[in-house]
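Thanks for coming. Please have the sequence and the model open.

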Amino acid sequence: RRCCKTPLLIDWPILGMLPQLLSNLWQIHDYATNVLRQNGGTGEFMGPWFSKMNYMVTSDPMNVHHIMSKSFDNYVKGPEFREIFHAFGDGIVASDSGTWKYIRTMQHSLFRQKSFEKMAEQTIRRKVQNSLLPIFDHACFHGKVLDLQDVFSRLTFDETSIMVLGHDPKSLSIEFPLVEVEKAFDEIEGSIFYRHSVPRSVWKFQEWLQIGAEKKMTRACKNFDQFLYSCIATKHQELSKCNKSHEKCDNQAHQFDDLISAMIMMNEEKGKVVHDDKFLRDVAFNLFVAGRDTITSALTWFFWLVATHPLVEAKILEEIEENFGASAKEKCEILGMEEVKKLVYLHGALCEGLRLFPPVPIERKKPLKRDTLPSGHHVNPNTTILLFTYAMGRFEEIWGKDCLEFKPERWISEKGEIIHVPSYKFISFNAGPRTCLGKDLSFLQMKMVASTILRNYRVQVVKNHPTTPAHSIVLLMKHGLKVMIAKRRV
Ligand code: HEM
């Protein structure tokens, strides 16, 4: 019936390979890893007839290198991606070619500025000091169970909002308030996952009728957009007030109150509106997507791994103690940018967590022209390619026989430095020209948060707590991460 030359699963009439996929949905990432391993790293998935859910799936590093770097111009996100990720607008994550290049160059130059790094460090420091630590103290004092994933999700939502929009939604506080915009954002992400899991015709029909997940999506987008546009309007007002009063708006430090202000000020420098409000909305939305759940996921899996590997925990603490000692504790409760650079073992442990649990477990690409992948598989403009980054972190060919073990040591050289692994093997931050722009910021954020928590508290996972991955576009835990907290030192 269909000429599927390299099937990954049994291709049943009408239903294609869907039955096996559905029966293993609860363990989809591990299942896909095994199937890919048995098939040499690459093969085809055929969905039900006429569903257009046909994919070339690969975890072969040579294919990844080819798609992401060597033949970068031939592999795009494409119109289907933009349709599914409609809420992303013309932001960096969903765009291609000229639009992507412009935003990438502009954001890259903003992220590289010293004043941006400083603003980011201050934001993280304040949030950890004023919101995270009080919650941990409160949980210790009352012996309460904390959902660490929820804590990190709120922390990163607030931090992203402050860095991008200059507004603190205060979702992280002892009361764990229901913040409408945070909920709306979660709903948008949930609906995007839904669009991945059913045939296009199904979600399109639901969108047209405005029912189910699509109705939720429309409502949530409206709420989140209202929030974004009102923050942008506030920024316009603040900057025009500041212009009128001749305050130093061109001062670098002022530019980095937040990213949106910096971009509005570029309009003024150029004497025309190069960034209108829709553009600013799209930039802000994409940065929320890029920076919020990714770090939440990375920190959540990291804390689970550390809590279940006491030797690793002891080595992280030893490194912190060696570098900063007990006496430094009073001087700097929260380690800063320069200090966390010294924490090589912690860096290795975070990389190891990201290898085993990459926050973005699947990447999607579309070829513009016919091509043959290094593995010998043929692709054409109708092929959707799925790169399984989760499987790549668990391949013996890349990481050796102990690939399933959590071993931060594999990242550290004899000289005690971090070993560089090419991004087409360690794919967690993407590879090639579209490598994650927030990698340095992520390590800063994760190291500041992780060192503060580990130094001050002992985190214990609640007995028998299930750690199943959620069905979402970012690799979160389905049931959160329930932990008990105890003070490390009085
Ligand atoms: C542990 C944390 C993070 C991980 C694992 C991560 C991973 C990734 C991945 C896999 C992509 C490619 C997505 C795609 O093309 O579909 C990406 C892109 C991107 N990330 Fe990150 N990210 C993290 C944090 C951040 C943060 C904090 C920011 C900044 C706020 C950020 C900014 C970006 C941007 C702007 C892109 C788009 C790059 C482009 O398409 O040219 N990321 N990231």
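One definition before I start: a residue is called buried if 20 or more other C-beta atoms lie within 10 Å of its own, exposed if 12 or fewer, and partly exposed in between. Also keep in mind that this is a predicted model.

With that, take Lys 52. It has 14 C-beta neighbours inside 10 Å, so Lys 52 counts as partly exposed. Its place is the loop that links strand 1, residues 42-45, to strand 2, residues 55-58. The backbone there deserves a look, as Lys 52 is not a glycine and yet has a positive phi of about 60 degrees.

Ile 14 is another non-glycine residue with a positive phi, here about 65 degrees. Ile 14 belongs to the segment before helix 1, which covers 18-23. Is Ile 14 buried or exposed? It counts as exposed, because it has 9 C-beta neighbours inside 10 Å.

Leaving out residues up to four places away in sequence, Val 274 touches Met 266 and Asn 267. Val 274 and Met 119 are separated by 155 residues in sequence, and their C-alpha atoms are 24 Å apart.

Now the chain as a whole. It has 21 helices and 10 strands. The radius of gyration is 23 Å, close to the 23 Å from the globule rule for 490 residues, so the chain is as compact as a globular protein of that length. Along the principal axes, the C-alpha atoms fill a box of roughly 70 × 55 × 45 Å. Of the 490 residues, 41% count as buried. Among contacts with a separation of 6 or more, 72% are between residues 24 or more positions apart.

I go back to strand 1 to begin. In what order do the 5 strands of the mixed sheet run? The order is 1-2-8-5-3, and the sheet is open. Its edge strands are strand 1 and strand 3, residues 75-76, each pairing on one side only. Strand 1 and strand 2 run antiparallel and are joined by 4 bridges. Phe 45 has Tyr 55 in strand 2 as its bridge partner.

A word on faces. In a regular strand, side chains alternate between the two faces of the sheet. In strand 1 both faces are covered: Thr 42 and Glu 44 are buried on one side, and Gly 43 and Phe 45 are buried on the other.

Further along that sheet, strand 5, residues 362-367, pairs with strand 8, residues 384-388, in the antiparallel sense over 4 bridges. There, Glu 363 has Leu 387 of strand 8 as its bridge partner.

Another open sheet has 3 strands in the order 4-10-9, with antiparallel pairing. Strand 4, residues 146-147, and strand 9, residues 457-461, are its edges, each pairing on one side only. Strand 9 pairs with strand 10, residues 482-487, in the antiparallel sense over 5 bridges. Val 459 has Ile 485 in strand 10 as its bridge partner.

On to the packing. The largest nonpolar core has 94 residues, and Ile 260, Ala 284, Leu 299 and Phe 302 have the most contacts inside it. Which helix gives this core its largest share? Helix 14 does, with 9 residues. Leu 299, not counting residues up to four places away in sequence, touches Phe 152, Met 446, Val 449 and Ala 450. Apart from that core lies another, of 29 residues, with Leu 9, Met 56, Ile 398 and Phe 426 among them.

Last, the ligand. How many residues surround it? There are 23, and the closest are Ala 290, Gly 291, Thr 294, Cys 436 and Gly 438. The elements that give two or more residues to this shell are helix 5 (97-112), helix 13 (277-291), helix 14 (293-307) and helix 21 (439-456). By type, the shell divides into 13 nonpolar, 7 polar and 3 charged residues.

Methods
Residues numbered from 1 in each chain as written. Predicted model: local features only at pLDDT ≥ 70, side-chain atom pairs only at ≥ 80, totals over all residues. Near = placed C-beta within 6 Å. Nonpolar A, V, L, I, M, F, W, Y, C, P; charged D, E, K, R; others polar. Rg over C-alpha atoms; globule rule 2.2 N^0.38 Å. Contact = placed C-beta atoms within 7 Å. Core = buried A, V, L, I, M, F, W, Y, C linked by C-beta atoms within 7 Å. Pairing = 2+ DSSP bridges.
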